[in-house]
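Colleague: I want to see how the words we use for a structure follow from the numbers. Shall we go through one together?

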Amino acid sequence: MAVRKSNKQTQSAALKQIIRRCSSFGRNSDTSDLPNDVPRGHFAVYVGDNRSRYIVPISWLNHVEFQGLLERAAEEFGFNHDMGLTIPCQEEDFLYVMSIIQ
């Protein structure tokens, strides 16, 4: 049981790093390597075979449906990314989850 908790903490820390890299969360005015089109409190995800880009609110991290997508991403890709977070599902499935959350 302790291993699972430790794994969860590691995933949480890695996810926070990804969100800092691909969102406006904590953006300073002199930071030029962050995407300019991501509003404060949001982050970018890439979905589907064509890696379509979506901007989603950070609050979605609390939704069970979105957490399920994050678990799939962790299983398939891990959390060691240089780019934004890639969600391994069809774009139609992601749009359905978006409609549930909104």
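Modeller: Let us start with Arg72, which sits in helix 2. Keep in mind that this is a predicted model.

Colleague: Why is Arg72 called partly exposed?

Modeller: Its relative accessibility is 39%. Buried means under 20%, and exposed means over 50%. The value for Arg72 falls in between, so Arg72 counts as partly exposed.

Colleague: Which residues does Arg72 touch, leaving out those up to four places away in sequence?

Modeller: Arg72 touches Pro88 and Cys89. Contact means heavy atoms within 4.5 Å. Arg72 and Cys89 are 17 residues apart in sequence, and their C-alpha atoms are 8.4 Å apart.

Colleague: Which residues of helix 2 are buried?

Modeller: Phe66, Leu69, Leu70, Ala73 and Ala74 are buried.

Colleague: What puts them on the same side of helix 2?

Modeller: The arc they cover around the axis is only 145 degrees, so they lie on the same side of helix 2. An α-helix has 3.6 residues a turn, so residues three or four places apart point the same way.

Colleague: What is on the other side of helix 2?

Modeller: Val64, Glu75 and Glu76 are there, and they are exposed. After helix 2 comes Gly78, with a positive phi near 75 degrees.

Colleague: Which residues are buried in helix 3?

Modeller: Helix 3 runs over residues 91–101, and its buried residues are Phe94, Val97, Met98 and Ile101. They cover an arc of only 105 degrees around the axis, so they are on the same side of helix 3. The face turned away from that buried side carries Glu92 and Tyr96, both exposed.

Colleague: What covers the buried residues of helix 3?

Modeller: The cover includes strand 1 (42–47), strand 2 (52–57) and helix 2.

Colleague: Why is helix 2 called roughly antiparallel to helix 3?

Modeller: Their axes come within 9 Å and cross at roughly 150 degrees. Angles over 145 degrees count as roughly antiparallel, so helix 2 is roughly antiparallel to helix 3.

Colleague: Which residues meet there?

Modeller: Glu65, Phe66 and Leu69 in helix 2 meet Phe94, Val97, Ile100 and Ile101 in helix 3. By class, this contact has six nonpolar residues, no polar ones and one charged.

Colleague: Where does Arg51 lie?

Modeller: Arg51 lies in the loop between strand 1 and strand 2.

Colleague: What is the phi of Arg51?

Modeller: Arg51 is not a glycine, yet its phi is positive, about 50 degrees. Most residues other than glycine have a negative phi.

Colleague: Why is Arg51 called partly exposed?

Modeller: Its relative accessibility is 33%, which lies between 20% and 50%, so Arg51 counts as partly exposed.

Colleague: How many helices and strands does the chain have?

Modeller: The chain has three helices and three strands. From the N terminus on, they run α-β-β-α-β-α. Of the 102 residues in the chain, 35% are buried.

Definitions and conventions: Residues numbered from 1 in each chain as written. Predicted model: local features only at pLDDT ≥ 70, side-chain atom pairs only at ≥ 80, totals over all residues. Heavy atoms only, no water. Buried < 20%, exposed > 50% of the residue type's maximum accessible area, 1.4 Å probe, protein only. Helix = DSSP H or I, 4+ residues; strand = E, 2+ residues; numbered from the N terminus. Arc of directions from axis to C-beta. Axes fitted to C-alpha atoms, helices over the stretch in contact; angles between N-to-C directions. Parallel < 35°, antiparallel > 145°, perpendicular 65-115°, else oblique. Nonpolar A, V, L, I, M, F, W, Y, C, P; charged D, E, K, R; others polar.
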